[in-house]
Amino acid sequence: MEQTLSSYHIFYTAAKSGNISKAAAKLFISQPAVSKSIQKLESSLGCRLFVRSSRGVTLTEEGNILFEHVREAFETLDAGEEKIRRVSGLGIGHLKIGVSSTLCKYVLLPYLKEFVQKNPQIHISIACQSTSETLRLLADDRLDIGLAGLGSYEMPHTLLFDFIAEAEDVFVASRPYLLYLKQCGVSDSGILQNCSLMMLDKNNISRQYIDEYMQKNQISVRECIEASSMDLLIEFAKIGLGAACVIRQFIEPELADGSLIEIPLPVPVLARSIGFVYKPGKHASKPLEQFLDFYHQSADAAAISSAV
């Protein structure tokens with residue numbers, strides 16, 4: 001674009017006003033300044049844009065062509081300004097959340113359900129990936145907030161962790177599968193060493209945490225089946241494919257109805273913390289501030305309710 005936005009604004013105002021004097025009054029500049037700007041624009045484009053008369057100015061054919069494009073441009077700018085005003089006034093915005101598929105289903109969704117009901121104007125996008133990838137994207141400012149379970153890694157000092165709940169890793173299997181192992185002469189203490197053990201893939205933080213636990217307690221595994229999600233591990237265990245390492249809080253219905261049985265461990269796996277992770281500071285987006293306010297109010301309400 002050879003001319004400045006100011007030149008096109010003057011042209012646009014003059015065309016709408018149909019009069020140089022009226023355009024100058026609307027723009028709060030002198031009439032000669034308006035005329036000079038239009039002449040410079042005509043010279044640059046190599047054509048006349050207005051026909052001048054004692055009654056004012058009217059657009060030439062070339063002027064009409066330019067006016068249509070300029071009008072669309074300024075209407076687009078006006079729409080953008082109005083959208084920004086609405087965003088600022090109503091809290092409209094975009095909240096980007098990173099979370100693993102397991103935590104998304106069992107932990108995040110209950111929070112989101114109520115938050116969306118109270119803030120339908122906020123657009124939410126969810127990136128499901130490993131916890132390590134969520135932390136990396138948060139550090140690069142490509143996410144607003146993440147939901148993560150702490151493991152054997154160290155939380156980056158630039159991120160703040162807000163505790164939500166504890167996650168307890170356990171090993172479970174179906175009753176028929178445990179009966180099969182018993183018939184094969186496998187004792188309770190030898191189940192993990194002799195079963196088909198099903199775990200998340202090695203890139204998963206939860207898997208790395210369990211690998212360290214098993215190495216520390218000298219538990220060797222004969223066979224390991226890997227899955228990409230905890231939901232799959234739960235379903236595989238229920239049909240008797242093997243024993244699965246899952247989070248106790250996510251299988252309480254199965255433990256209650258007996259479709260899955262917890263396998264006793266010589267040493268319990270230490271519970272891990274689950275929480276929201278985000279960058280603290282003054283430059284948090286308005287949707288993030290609203291979500292944090294909502295979460296903290298929910299946590300406070302839950303604490304009061306449990307204390308009563």
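The model is predicted: local features need pLDDT of at least 70, side-chain atom pairs count only at pLDDT 80 or more, and totals for chains, interfaces and linings use all residues. Residues are numbered from 1 along each chain as its sequence is written, and side-chain values use heavy atoms, with hydrogens and water left out.

**Stop 1: helix 10**

Select residues 230-238, which form helix 10. Helices (H or I, at least four residues) and strands (E, at least two) are DSSP runs, numbered from the N terminus. Within helix 10, Met230, Leu233, Ile234 and Ala237 are buried; buried means under 20% relative accessible area, exposed over 50%, and partly exposed in between (1.4 Å probe, protein chains only). Viewed down the axis of helix 10, these buried residues fall within an arc of 100 degrees, so they line one face of the helix. The arc is that of the directions from the helix axis to the C-beta atoms.

Next, display what covers this face. The cover of the buried residues includes helix 5 (101-118), helix 11 (252-257) and strands 7 (169-173), 8 (196-200), 9 (223-227) and 10 (243-247), where contact means heavy atoms within 4.5 Å. Then move to glycine 240, which follows helix 10 and has a positive phi, near 85 degrees.

**Stop 2: salt bridges**

The whole structure contains 15 salt bridges, each defined as a side-chain nitrogen of Lys or Arg within 4 Å of a carboxyl oxygen of Asp or Glu.

Select glutamate 42 and arginine 52, whose side chains form a salt bridge at 3.4 Å, N to O. This pair links distant parts of the chain, 10 residues apart: glutamate 42 belongs to helix 3 (residues 31-45) and arginine 52 to strand 1 (residues 50-53). Glutamate 42 counts as buried, at 11% relative accessibility, whereas arginine 52 is partly exposed, with a relative accessible area of 40%.

Select arginine 71 and glutamate 75 next; their salt bridge is 3.2 Å, N to O. Both residues lie in helix 4 (residues 61-90), four residues apart, about one turn of the helix. Arginine 71 is partly exposed at 23% relative accessibility, and glutamate 75 is partly exposed at 40%.

Arginine 136 and aspartate 140 form a further salt bridge, with the closest N and O atoms 3.4 Å apart.

**Stop 3: the pockets**

A pocket is an open set of points on a 1 Å grid over the protein atoms alone, where a 1.4 Å probe fits, with protein on both sides within 12 Å along at least five of seven lines; lining residues have an atom within 4 Å of a point.

Select Ser100, Thr131, Leu200, Asn204 and Ser206, which lie nearest the centre of the largest pocket among its 23 lining residues. Helix 5, helix 9 (205-216) and strand 12 (272-278) each give two or more residues to this lining, and helix 5 gives the most, with three.

Finally, select Leu178, Leu179, Lys182, Asp188 and Ile191, which lie nearest the centre of the second largest pocket, lined by 13 residues. Helix 7 (175-183) and strand 11 (261-262) are the elements giving two or more residues to that lining. Helix 7 gives the most, with five residues.
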